[in-house]
Amino acid sequence: MTDITLAPIQPDQPSHLMATYGRQAISFVRGRGAYLYTEDGTEYLDALTGIAVCGLGHAHPVIAEAIAEQAATLVHTSNLFEIPWQTAAAQKLAEVSGMEEIFFSNSGAESNEGAIKIARKFGTQQGVRLPKIIVAEQSFHGRTLATLSATGNKKVQDGFAPLVNDFIRVPFGDVEAIQEAALQHPDIVAILIEPIQGEGGINTAPQGFSYLEEVRNICNQHNWLMMLDEIQTGNGRTGKYFAYQHTNIVPDVLTTAKGLGNGFPVGAVMTQGKAVGLLGPGSHGSTYGGTVLGSRVVYTVIDTIQKENAVENAAVVGRYIVDQLRSKLADKNVQVRGFGMMIGIQLPKDCAELVAIARDQHKLIINVTAGSVVRLLPPINMTQAQADDLLERLVALINSYL
């Protein structure tokens, strides 16, 4: 192996990167499980896992071995040819998702782009000239032009007008608003929602997951596609393989990414029922979608999640974290919500500065979203001991802040 050592970046050295991120003044050189390490060996507990990406933790030995072995064998041939690992990965994903057809993309945004195209194709086949899709306020579906148009966040959309038309926005969890939209817009063909709004603040509908059942009924009533964005909630994050599995319904279209590759960039859009067969040869594609390497990673991640019972672990340890937080912070006027390893702590005031305080004083990596929500997205295979470590650091952080 070639030994390459990067020279330290000098403070006055210009960067050639586009300034699209507000980066923190820290970098990590290696990780192991729930922990990250800087160049000098300082250890940080990672309760964010790359924003719900490394669900099995950092540098998981089984995933690392599969990547290394496949990279040394065959990385890419293109979708002009049969890819056995892609076929096997699709089979695995179909088994855990309950879906029938799968298209592999490279990201969550691309997966949602695929879902939007499926909805428009469905509407066109129904004779709808300008198909419309219902989306939710405070949602997040990506940063491509179509997905940022679907997103319910004006900050994400600012400066990119004209947006993609024909998205109808309703309050998250408001079934009456959906019914009202149906009366006003006869050209609606689909609903696209997140089971839990991650970027929006770990928001669940007021009626809980039964909201999804109500949406399913409305979609059946009006012959709409029910499309679920499980980019963040999928792959065991909420204590079920997919969050909709907390109910008895199945969506027509399902998207996912993030934890699907445990850090390797890959996503998927999946269909079942009346959404099957809407995209055929020439109607959609991706140069890098479902490469040999990416497909083997997907297969290995799903197989490892199953063998380690990581989904069940996420449910049990996640419930423990929530219960402990509610008990230990009972006098702090905070609201703790979430499922599995997708947890939000709503503070009574804005708390963006907690990210730096947690990092610098408690060696803890967290995220603050929606202004006042501490978002936790730990590994779904986090141990009880690691959960106690997280609780000790986090409770001390919040107690000192409030």
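Student: Does Ser78 count as buried or exposed, and why?

Tutor: Ser78 counts as buried because its relative accessibility is 17%, where buried means under 20% relative accessible area, exposed over 50% and partly exposed in between (1.4 Å probe, protein chains only). Before going on: this is a predicted model, where local features need pLDDT of at least 70, side-chain atom pairs count only at pLDDT 80 or more, and totals for chains, interfaces and linings use all residues. Residues are numbered from 1 along each chain as its sequence is written, and side-chain values use heavy atoms, with hydrogens and water left out.

Ser78 sits in the loop between helix H2 (61-71) and helix H3 (84-97); helices (H or I, at least four residues) and strands (E, at least two) are DSSP runs, numbered from the N terminus. Its phi is positive, about 95°, though Ser78 is not a glycine. Most residues other than glycine have a negative phi, and most peptide bonds are trans. Asn333, also not a glycine, has a positive phi of about 55°, but at 61% relative accessibility Asn333 counts as exposed. You'll find Asn333 in the loop between helix H10 (310-328) and strand E11 (335-339). As for peptide bonds, the one joining Ala161 and Pro162 is cis, with omega about 0°.

Now the helix. H4 covers residues 108-125, and its end C-alpha atoms are 26 Å apart, which agrees with the 26 Å its 18 residues should span at 1.5 Å a residue (expected span: 1.5 Å times one less than the number of residues). Its buried residues include Ile116, Ile118 and Phe122. After H4 comes Gly127, with a positive phi near 85°.
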